[in-house]
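Welcome to a short tour of a protein model. Keep the sequence and the 3D view open side by side, and look up each place as you read.

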Amino acid sequence: MSLTDTNFQGGKSKNIYEYEYKNREQGLTKLWLAWPDDKKVKEAQVTRPPNLLSPSLDQEIAYYELKEGEKIRLSFKSGAYNPEDSSNTITNETRVFYLRSTVLSPISEEIRGLALEITTGAKGARDKAELLFHYLVDNYQYVYPPRVRGATAFLKEKKGDCGEYSFLYTALCRALNIPCRTIVGSWAVGKMQAHVWNEVYIEETGWIPVDCSMAYIQKKKKLQFLFSDVRTLPWKKYFGTTEGQRIVFSTDGEIPLEPIYIDVEINNASNRNSFFNIEGKPFHWGYEAINGAAPYMQPAYIRFDEKNLEGDSKINNRSYLGEWKVKETGFRRVTFLLKRLSVFLAGFCFILGLLIDNPILDITTSVALVLVAVSFTLRGERPLLFGVLTVFLLLSFMSVLNGG
């Protein structure tokens with residue numbers, strides 16, 4: 001989890017991030033874990049001190065070796081994601097790093113040609129970056145899970161998830177000499193709510209967020225987040241801003257690993273469930289790296305013991321990434337709990353009302369539904385829709401009272 005100056009700002013909005021990893025497999029499991037910047041962490045609890053490494057510019061990594069049954073637990077409290085206040089200057093070293101070609105975001109002739117074609121006539125970096133954003137939203141489809149990972153595969157398939165949108169957007173920007181990074185993180189609500197987006201560097205502004213996959217969903221699949229705990233924005237606003245309900249684990253894909261990751265030669269992957277496909281080639285998650293780098297850290301990458309390749313042993317799904325959850329605090333936490341309680345109460349009373357004819361149950365159901373709509377509105381989740389619904393449910397509630 002990375003809480004660098006460009007990613008988190010300590011404001012009124014706070015999130016509590018909890019992470020646990022337990023070695024449920026045979027032998028020794030090596031764990032590389034994206035680590036927060038201590039300057040931005042307000043509170044921290046760690047069951048085992050890490051060995052901290054800094055193999056890349058913006059990413060500190062904790063390294064653990066865990067015996068069978070051994071586990072670590074971490075808890076951090078920090079401000080909400082807000083890159084808009086970042087500096088508008090970067091070093092030459094940073095610029096070079098975020099212009100590099102990688103396996104998942106290659107700067108191929110095909111990608112360079114497409115980027116130039118999309119941005120024909122555009123002058124500044126911001127206009128070019130925005131044209132690329134519109135192109136991906138209009139011409140690619142969100143599908144989870146994708147058959148193959150990586151920008152080249154997404155370019156051909158035209159179907160993929162948030163990761164593929166981000167990998168291709170990174171490659172297209174870098175092909176135009178615009179620094180861009182793939183941001184790997186999570187929604188700040190609930191358990192294991194993974195998400196990936198981008199930040200692009202504009203000289204006069206600094207790093208700004210770009211979320212092509214969320215823009216696509218809000219433009220073409222608006223009902224997908226209708227009852228979500230995540231605020232959503234009009235699709236065009238996902239170029240340059242976010243809803244402020246996310247945390248960052250790592251600030252790019254293909255983060256170099258220290259100590260050196262030693263790949264395992266695998267002759268037959270049929271007895272394993274960690275088979276992965278990157279750019280059309282087999283990749284064995286947990287047994288190999290990409291040129292010594294983790295494909296991405298969400299928030300961890302692992303190296304399993306070779307013992308787990310024997311026989312028909314299967315890796316526990318929780319062993320690939322570990323387990324995390326993120327909780328909002330303060331007013332947002334109160335409204336989150338209010339919504340949950342109100343939904344439960346409305347459902348319970350409605351079902352009970354089908355079995356028992358009691359006017360009190362009707363009244364309680366109506367009150368609970370009003371509170372559900374109010375909580376959505378207060379949290380800024382589709383406020384226009386749920387604001388209107390609140391008024392409608394209040395009128396319905398008054399009708400129930402008058403009828404009683």
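Two strands count as paired if DSSP finds at least two bridges between them. Please keep in mind that this is a predicted model. With that rule in hand, we can look at an open sheet of four strands, in the order β4-β5-β2-β18, whose pairing is antiparallel.

**The four-strand sheet**

- Strands in a sheet are held together through backbone hydrogen bonds, and their pairing may be parallel or antiparallel.
- In this open sheet, with the order β4-β5-β2-β18, the pairing is antiparallel.
- The edges are formed by β4 (51–53) and β18 (300–303), each of which pairs on one side only.
- From one strand to the next, the twist averages 25 degrees.
- Inside the sheet, β2 (residues 29–35) and β5 (residues 60–66) run antiparallel and are joined by seven bridges.
- To see one of these pairings, find Leu-31, whose bridge partner in β5 is Tyr-64.

**Strands that pair with β19**

- Strand β1 (residues 14–22) pairs with β19 (residues 323–328) in the antiparallel sense, over six bridges.
- Look for Glu-18 here: Lys-325 in β19 stands opposite.
- Strand β10 (residues 190–191) also pairs with β19 in the antiparallel sense, over two bridges.
- In that pairing, Gly-190 stands opposite Val-326 of β19.

- Helix α2 (residues 109–118) packs against helix α5 (residues 162–175) at an angle of about 75 degrees, and their axes are 8 Å apart.
- Angles of 65 to 115 degrees count as roughly perpendicular, so α2 is roughly perpendicular to α5.
- On the α2 side, the residues that meet α5 are Ile-111, Arg-112, Leu-114 and Ala-115.
- On the α5 side, their counterparts are Leu-168, Ala-171, Leu-172 and Ala-175.
- Sorted by class, this contact has seven nonpolar residues, one charged residue and no polar ones.

**Buried residues in loops**

- Is Gln-245 buried or exposed? Gln-245 is buried, because its relative accessible area is 1%, and buried means under 20%.
- Gln-245 sits in the loop between α6 (212–220) and β13 (246–250).
- The side chains of Gln-245 and Glu-328 are joined by a polar contact of 3.0 Å.
- Leaving aside neighbours within four places in sequence, the residues in contact with Gln-245 include Trp-187, Val-230, Arg-332 and Glu-381.
- Ser-56, in the loop between β4 and β5, has a relative accessible area of 11% and is therefore buried.
- Not counting residues up to four places away in sequence, Ser-56 touches Phe-97, Ile-255 and Pro-256.
- How many residues apart along the chain are Ser-56 and Ile-255? They are 199 residues apart along the chain, and their C-alpha atoms are separated by 6.8 Å.

**An exposed residue in a loop**

- Lys-123 belongs to the loop between α2 and α3 (125–139).
- Lys-123 is exposed because its relative accessible area is 77%, and exposed means over 50%.

**Backbone exceptions**

- Most peptide bonds are trans, and most residues other than glycine have a negative phi.
- A cis peptide bond joins Tyr-144 and Pro-145, with omega about -5 degrees.
- Pro-145 is placed in the loop between β7 (141–142) and α4 (151–157).
- Another cis peptide bond runs from Glu-258 to Pro-259, with omega near -5 degrees.
- Pro-259 is in the loop between β14 (255–256) and β15 (275–278).
- Asn-177 is not a glycine, although its phi is positive, at about 65 degrees.
- This asparagine, Asn-177, lies in the loop between α5 and β9 (180–187), and a relative accessible area of 54% makes Asn-177 exposed.
- Asn-291 has a positive phi near 50 degrees and is also a residue other than glycine.
- Asn-291 is found in the loop between β16 (281–284) and β17 (293–294), and counts as exposed at 74% relative accessibility.

Definitions and conventions
Residues numbered from 1 in each chain as written. Predicted model: local features only at pLDDT ≥ 70, side-chain atom pairs only at ≥ 80, totals over all residues. Heavy atoms only, no water. Axes fitted to C-alpha atoms, helices over the stretch in contact; angles between N-to-C directions. Buried < 20%, exposed > 50% of the residue type's maximum accessible area, 1.4 Å probe, protein only. Polar contact = N/O pair within 3.5 Å; in protein donor to acceptor, adjacent residues only side chain to side chain. Contact = heavy atoms within 4.5 Å. Parallel < 35°, antiparallel > 145°, perpendicular 65-115°, else oblique. Nonpolar A, V, L, I, M, F, W, Y, C, P; charged D, E, K, R; others polar.
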